Amino acid sequence: MELKGQMIHVPESCSLMFLGSPRVDKLEELMGRGLHLSDIPIHDATRDVILVGEQAKAQDGLKKRMDKLKATLERTHQALEEEKRRTVDLLYSIFPGDVAQKLWQGQPVPAQKFNDVTMLFSDIVGFTAVCAHCTPMQVISMLNELYTRFDYQCGILDVYKVSG
């Protein structure tokens, strides 16, 4: 163990006395030698060096934990925003825009009455037989093209479309 200190002459006993403390920088070094912070004299700067080092280590650990928590919070916030976007998209795909907006804002939606309503139910005759001779991608392409045309016509005629 390295010691630092000073030698003092004691004339009464014709001896030299060494007043010293261990040379350490970290609390682990001190405790590894079986000593405690209270074993170091109060006026010794070693106490301050050890305490400053411990404080810096604690602050570094706290900063790392805060950074991890911040990253987790940001990921959670992004996931929440994505869910909100999907919820809004779903509302707008099910209801007319003004109704969806009121529902999203938590406002009441009054019932409406329409004197004339036209409904279109679509069916593809022989769909199962057609699908038996097609690849999955061909079926998807066929349905996508068909309903894209329906959507286009609904847009031209200002028709509100409910998918189901």
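User: Just after H5, which residue takes a positive phi?
Analyst: Most residues other than glycine have a negative phi. This is a predicted model, where local features need pLDDT of at least 70, side-chain atom pairs count only at pLDDT 80 or more, and totals for chains, interfaces and linings use all residues. Residues are numbered from 1 along each chain as its sequence is written, and side-chain values use heavy atoms, without hydrogens and water. Just after H5, the residue with a positive phi of about 55° is Asp 158.

User: How far does helix H2 reach from its first C-alpha to its last?
Analyst: Helices (H or I, at least four residues) and strands (E, at least two) are DSSP runs numbered from the N terminus. H2 covers residues 45-94, which is 50 residues.

User: Which residues of H2 are buried?
Analyst: Buried means under 20% relative accessible area, exposed over 50% and partly exposed in between (1.4 Å probe, protein chains only). The buried residues of H2 pack against strands S1 and S2 and helices H1 and H3. They are Thr 46, Arg 47, Ile 50 and Leu 91.

User: Is Ala 56 buried, partly exposed or exposed?
Analyst: You will find Ala 56 in helix H2. Because its relative accessibility is 41%, Ala 56 counts as partly exposed.

User: At roughly what angle do the axes of H2 and H3 cross?
Analyst: Axes are lines fitted to C-alpha atoms, for helices over the stretch in contact, with angles from 0 to 180 degrees between N-to-C directions. The axes of H2 and H3 come within 8 Å and cross at roughly 140°.

User: What does that make H2 relative to H3?
Analyst: Under 35 degrees counts as roughly parallel, over 145 as roughly antiparallel, 65 to 115 as roughly perpendicular and the rest as oblique. That angle therefore makes H2, relative to H3, oblique.

User: Which residues of H3 make the contact with H2?
Analyst: Contact means heavy atoms within 4.5 Å. H2 brings Lys 84, Thr 87, Val 88, Leu 91 and Tyr 92. From H3 come Gly 97, Ala 100, Gln 101, Leu 103 and Trp 104.

Notes: The expected span of a helix is 1.5 Å times one less than its number of residues.
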